[in-house]
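Please look at the sequence and the model below before reading on.

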Amino acid sequence: MDRIRNYLIGFFTIFLSSNVLMAQEDSTKVFQLEDIYQLVLQNHPVAQQAYLLSENARMNIRMSRGYFDPTVGSDFNNKQFKDTNYYRLWDSYLKVPLWIGELKMGYEKNTGEFLNPESDTNSEKGLAYVGIEIPVLRGLLFDERRAALRKAQAFQAEAEAKQVSTINKLILQIAKDYWNWYFTYHSYRLAEEGFQLARFRYRAVVDQVKQGALAALDTVEAKITIQQREINVQNALVAYQNAGMILSNHLWDEDGNEVEMSNALVPVSVPISELPTSSLEELLLLARQAHPDLRVLDAKYQQLDYERKLNAEMLKPKLTFKYNFLNRTPISSNNYDADFFVENYKAGVSFYIPLFLRKERGKLGMTKVKMSQVQLDQLNLRRTITTNIGQQYNVVENHFRVMGMQSDMVSNYRRLLSGEEQRFQAGESSVFYVNVREGKLLEAETKLFKIRADLAKSLAELRWASGLGVE
C-alpha cells in the first residue's frame, strides 16, 4: 500500500506540473502561418522586388507608346553676308504618328534674295500645309512602333508571371521554415515533458528506496534516464531556437527593418492535415493553364512572334507615298484658294529594297530559331511540371496514410505504458521498463509531429508544383 501511495503522490505531482505548463502555454500567442504570409507579402524585400517587376513592365509599355506621341518642331536658318540677306528659312510643324503612317501639318515662311526657288513660299504670309505619309508595302501591316508596343504588352504578361513565380517560391520557403519551426517546438516540448516526468519519477523512486520498497539500484536507473532526457532537452532547445531564427529572416516591418520573433509566439498545435480537395487530374489541368513558369515562356514566345512578324515585314520592298496639301495663307484663314485640293500640293513616292536581303533573312531565321528553342523549353517544362505534381501528390497521399498509422502506434504505446505502470504498481515491473515504455511513447509522439510537419510541407510543395500560391 505504501508503494502505491508513493507512486500516486509522484503521479499527482506530475499532474500539477503539467497544469503549470498548460498555464504557461496560455500566456503565449499562437503564430499562424497565414499571419506570416500577410506580413511577408506586405513587407518582405523579395516580395517588394517582385512587385517592381510589374511596375517596370508598365513603364516599358508607357515608353513604347511614346512612339505614337505627337511632336512639335521648328526649324529656322538664316544667312546674312555683306549686308545681303541670302535667305531666311522658317518651318514650324506638328507631327502626329498614326497607327499606319504619319500626319504632318505646319507653317512655312521663306524669304531672301538668293532663295532656292523650290523653297519659295510665294507669299509674304507664308505657306500652310497638311500632309500624310503612308507606307504602301513594308510597314503597312506591321512596323517598328507597333512591334515595340505589342512586345511591351507581352513583356508585361511575362513580368506578372515572374512576379507570381517569385512570390510562390518565397511562400514555399516560408512554409517549409514554419513547419520546421513547428516540429522543433513540439519536439522540444515533448523532450521537456519527458525530462520533467523522469525527474518526478526519480523523486518517487528515492522516496520508495528510503521506505525500503525499492532497491537502491533503481535510483541509478532513474538518474540515468534524467541525464539522457536532459541531453535531449538541450539538443531540442537549440534546434528550436535555430528554427525560430531562420523563420525570423522572413519578418520585416513597414519601414524595412528586421523583426525578431517574440518568445511568446508558438506554432499551432496540430496543422490542418488533409488530402487536397482537387484531384490529380484537376491539378495537372490547372497547372497547364495557369502555371506561372509556363506563362513566362508563353509571353517570351509571344514577344518572339511579334519580332518574327516584324522581320517578315522587312522582307517587303519599302514603298512610301507622301502627299501635302498647300495653301498660300495659314489654314486658319478663310481666304484659301478654290483649287486647294487640286493644284496646290506636294507629293512624292520613294522606293527602296536591298538586292539580296541577307540581313533581313538572317534576322528572320534567328528569330525562328529562338522560337523553336522556347517551344522546346515549353515541352520540357510541361513534362517536368507534370512529373513534379505527380510525385508530390504521391508524397502527400503517403504522408497521410503514414500519419494515420503513426497515430495508431502512439495510441498503442500509450496502452503499453499504462499497462506497464499498472504492473509496476503491482510490483511486477521495474522503473527501467516504465522508462523504456515512456521513452518509446515520446519517440512515437515526436515522430508523429515530424510526419505532420512533413505532410504540411508536402502540401505546400504540391501547391507550388501546381503553380498555386497562398490559399
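## The largest cavity

In the largest cavity, helices α6 and α8 each supply at least two residues of the lining. The model is a predicted one. Two cavities of 30 Å³ or more are present in the structure, and the largest of them holds about 50 Å³ of space.

The lining of the largest cavity is made up of Leu 284, Ala 287, Arg 288, Leu 294, Arg 382, Ile 385, Thr 386 and Ile 389. Helix α8 gives the largest share of this lining, four residues. Sorted by class, five of the lining residues of the largest cavity are nonpolar, one is polar and two are charged.

## Helix α6

Helix α6 covers residues 280–290, and its buried residues include Leu 283, Leu 284 and Ala 287. These residues lie on the same side of α6, because the arc they cover around the axis is only 100°. Glu 281 and Gln 289, on the other side of α6, are exposed.

What do the buried residues of α6 pack against? Their partners are α7 (292–313), α8 (358–425) and α9.

The volume of the second largest cavity is about 40 Å³. Its lining consists of Ser 165, Asn 168, Lys 169, His 291, Pro 292, Asp 293, Trp 464 and Gly 467.

Helices α4 and α7 each supply at least two residues of the lining of this second largest cavity. The most comes from α4, with three residues. By class, the lining of the second largest cavity has two nonpolar, four polar and two charged residues.

## Helix α9 and the residue after it

Helix α9 runs over residues 431–465, which is 35 residues. How does the distance between its ends agree with the expected span? At 1.5 Å a residue the helix should span 51 Å, and its end C-alpha atoms are 50 Å apart, so the two values agree.

Gly 467 follows α9 and has a positive phi, near 85°. Gly 467 is also one of the residues that line the second largest cavity.

## Arg 189 in helix α4

Arg 189 is found in helix α4, which covers residues 144–210. Is this residue buried or partly exposed? Arg 189 has a relative accessible area of 25%, and is therefore partly exposed.

Along the chain, Arg 189 and Thr 446 are 257 residues apart. In the model, 9.5 Å separates the C-alpha atoms of Arg 189 and Thr 446.

## The second largest pocket

Which strands contribute to the lining of the second largest pocket? At least two residues come from each of β3 (84–97), β4 (102–111), β5 (127–135), β7 (318–327) and β8 (345–352). In the lining of this second largest pocket there are eight nonpolar, eight polar and 11 charged residues.

How values were computed: Residues numbered from 1 in each chain as written. Predicted model: local features only at pLDDT ≥ 70, side-chain atom pairs only at ≥ 80, totals over all residues. Heavy atoms only, no water. Expected span 1.5 Å × (residues − 1). Nonpolar A, V, L, I, M, F, W, Y, C, P; charged D, E, K, R; others polar. Buried < 20%, exposed > 50% of the residue type's maximum accessible area, 1.4 Å probe, protein only. Arc of directions from axis to C-beta. Contact = heavy atoms within 4.5 Å. 1 Å grid on protein atoms, 1.4 Å probe; cavity = no way out; pocket = protein on both sides within 12 Å on 5 of 7 lines; lining within 4 Å. Points joined across faces, edges and corners; volume = space filled by probe spheres on them.
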